[in-house]
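Grab a pencil and work through these exercises on charged side chains. Each one gives a task, then a solution in steps.

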Amino acid sequence: MRYKMKRIFTVLLLGMMITGFCAAQAQIRNFRQRGSATGTLDSDGLTAAHPSLPIGTTIKLTNTETNQEVTATVTGRIQTSVDRIVDLSRAAADAIGIPADGSIPILLERVTVVAAPPPPPEPEPVVIVEAEPEPEPEPPAIVAAPPPPPPPPPPPPPRPVVKPPARIIPRMPEPGSTAIFRVQAGSYRLPLHAKEAFDRLVAAGFHPYFERFEDYIRVVIPGVPAAYIPWIAQRLGNLDVTEAWIRPESY
């Protein structure tokens with residue numbers, strides 16, 4: 001429920017700013033419910049309607065005769081008029097002793113002012129910066145590969161194992177002899193053993209043959225000059241032959 005203060009005398013408005021609040025004085029004779037305010041006035045709450053103060057502003061009203069004070073919040077609007085300053089709710093009017101029919105001077109002060117929200121900041125202009133083209137990579141330098149290292153030298157050939165020469169029976173030929181001998185490298189009862197000795201001589205580069213003597217099989221190297229007998233003895237010793245018989249060839 002809203003009450004409107006009506007003036008019966010000329011209203012004197014003082015628009016001077018005094019330490020942050022505005023003063024107004026009016027002779028008020030009658031309060032009654034009016035329907036010309038826009039907004040909501042709670043009859044039980046401390047609310048007010050004003051023609052220009054922002055919604056949400058807190059104002060203080062003082063009865064200058066009794067010094068009764070009340071603080072109200074602007075929650076509605078009234079049209080600008082020469083016969084009223086503000087509409088108060090019933091609770092606010094009773095708080096400062098405004099009778100239903102009478103006139104009193106009042107002092108209106110702004111306690112807080114609800115400031116309008118600041119405008120949103122203007123968006124910063126978008127600056128498009130073209131990226132500089134990346135320089136083309138330089139071609140890699142052509143570096144000749146180092147020559148391959150020389151191959152390692154071949155290992156030295158294994159030293160031949162020199163074994164003792166075969167003993168010549170009955171004896172070595174005399175130096176300067178021109179005789180021709182056949183050399184018996186072995187005599188065997190079993191043909192298998194004779195064949196093994198024969199194969200070893202062939203593998204060593206000789207040309208042996210078999211010779212039958214009673215129950216034995218001889219393995220013989222024919223046609224060896226006397227000057228070659230020492231060399232034959234060493235070759236047979238390397239083949240693990242321990243002794244060899246020599247006999248003159250008879251043609």
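**Exercise 1.** Find where D94 and R90 sit, and say how their side chains meet.

Solution. Start with the location: both D94 and R90 belong to helix 1 (residues 90-95), four residues apart, about one turn of the helix. (Helices are DSSP runs of H or I, at least four residues, numbered from the N terminus.) Next, the contact: the two side chains form a salt bridge, 3.0 Å from N to O. That term covers a side-chain nitrogen of Lys or Arg within 4 Å of a carboxyl oxygen of Asp or Glu. By this rule the count is eight salt bridges.

Before going on, a word on the model. It's a predicted one, where local features need pLDDT of at least 70 and side-chain atom pairs count only at pLDDT 80 or more, while totals for chains, interfaces and linings use all residues. Residues are numbered from 1 along each chain as its sequence is written, and side-chain values use heavy atoms, leaving out hydrogens and water.

**Exercise 2.** Work out how far apart K195 and D199 are in helix 2.

Solution. Count along helix 2 (residues 191-203): K195 and D199 are four residues apart, so about one helical turn separates them. Then check the side chains, which meet in a salt bridge at 2.9 Å, N to O.

**Exercise 3.** Is R218 buried or exposed?

Solution. Take the cut-offs: buried is under 20% relative accessible area, exposed over 50%, partly exposed in between (1.4 Å probe, protein chains only). R218 has 10% relative accessibility, so it counts as buried. Its salt-bridge partner E211, with closest N and O atoms 3.2 Å apart, is buried too at 17%. Lastly, R182, E211, R218 and E249 are linked in a salt-bridge network.

Methods: Helix = DSSP H or I, 4+ residues; strand = E, 2+ residues; numbered from the N terminus.
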